[in-house]
Amino acid sequence: IVLLSAPAAVMASRLGSRAGSAYGTHPEELARSLRFKETVEPRLRSIAHAEIDTTAPLDDVVGTLLALARTAGKPTLAR
């Protein structure tokens, strides 16, 4: 489980400037998303195996995800 996170200000900026989806541009939707960041994200963080700050360049985020995937243990087959 990997948590992809960003500071609230970055999240608000990204939601406000998304192309192809209006979600988050309405003030109530933005407020709801920011509330989730405060209430749900800590719960996700507590169960995540890793957290990646998505303010890093996209290539770095993807590289970190790929590195985590390569080092993850292979699932075992139930017998």
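**Close-up views of a predicted model**

Glu-41 counts as buried, at 12% relative accessibility. The views below are taken from a predicted model.

**View 1. Glu-41 and its partner Arg-45 in helix H3.** Helix H3 spans residues 41-47. Glu-41 forms a salt bridge with Arg-45. The closest N and O atoms of this pair are 2.8 Å apart. About one helical turn separates the two residues, because they lie four residues apart in H3. Which class does Arg-45 fall into, buried or partly exposed? Arg-45 has 36% relative accessibility, so this residue counts as partly exposed. Glu-41, at 12%, falls under the 20% limit and therefore counts as buried.

**View 2. Lys-37 in helix H2.** Lys-37 lies in helix H2, which covers residues 27-39. Its relative accessible area is 15%, so Lys-37 is buried. The side chains of Lys-37 and Glu-41 meet in a salt bridge, with N to O at 2.9 Å. The pair also counts as a side-chain polar contact. Lys-37 touches Ala-6, Pro-7, Ala-8, Met-11 and Pro-42, with residues up to four places away in sequence left out.

View 3. How many salt bridges does the structure hold? There are three. One joins Lys-37 to Glu-41. Another joins Glu-41 to Arg-45. Arg-45 also forms a salt bridge with Glu-51, where the closest N and O atoms are 2.8 Å apart. Shared partners link Lys-37, Glu-41, Arg-45 and Glu-51 into one network. Side chains of opposite charge can pair when their charged atoms come close.

**View 4. Strands S1 and S2.** S1 covers residues 2-5, and S2 covers residues 50-53. The two strands pair in the parallel sense over four bridges. Ser-5 stands opposite Asp-53 in S2. Which S1 side chains are buried? Leu-3 and Ser-5 point to one face and are buried.

**View 5. Asp-53 and its surroundings.** Asp-53 is found in strand S2. Its relative accessible area is 40%, so Asp-53 is partly exposed. The side chain of Asp-53 makes a polar contact with the side chain of Thr-55, at 2.8 Å. What else does Asp-53 contact, leaving aside neighbours within four places in sequence? The partners are Ser-5, Ala-6, Pro-7 and Val-61. His-26 is 27 residues from Asp-53 along the chain, and the C-alpha atoms of the two are separated by 25 Å.

**View 6. A nonpolar surface patch.** Ile-1, Phe-36, Val-40, Leu-44 and Ile-47 make a nonpolar surface patch of about 440 Å². Where does Ile-1 lie? Ile-1 belongs to the segment before strand S1. Its relative accessible area is 58%, so Ile-1 is exposed.

Technical notes: Residues numbered from 1 in each chain as written. Predicted model: local features only at pLDDT ≥ 70, side-chain atom pairs only at ≥ 80, totals over all residues. Heavy atoms only, no water. Polar contact = N/O pair within 3.5 Å; in protein donor to acceptor, adjacent residues only side chain to side chain. Contact = heavy atoms within 4.5 Å. Patch = residues over 30% accessible without salt bridge, like charges linked within 9 Å, V, L, I, M, F, W, Y side chains within 5 Å. Areas by Shrake-Rupley, 256 points an atom, 1.4 Å probe, with all protein chains shown as cover. Salt bridge = Lys/Arg side-chain N within 4 Å of Asp/Glu carboxyl O. Buried < 20%, exposed > 50% of the residue type's maximum accessible area, 1.4 Å probe, protein only. Pairing = 2+ DSSP bridges.
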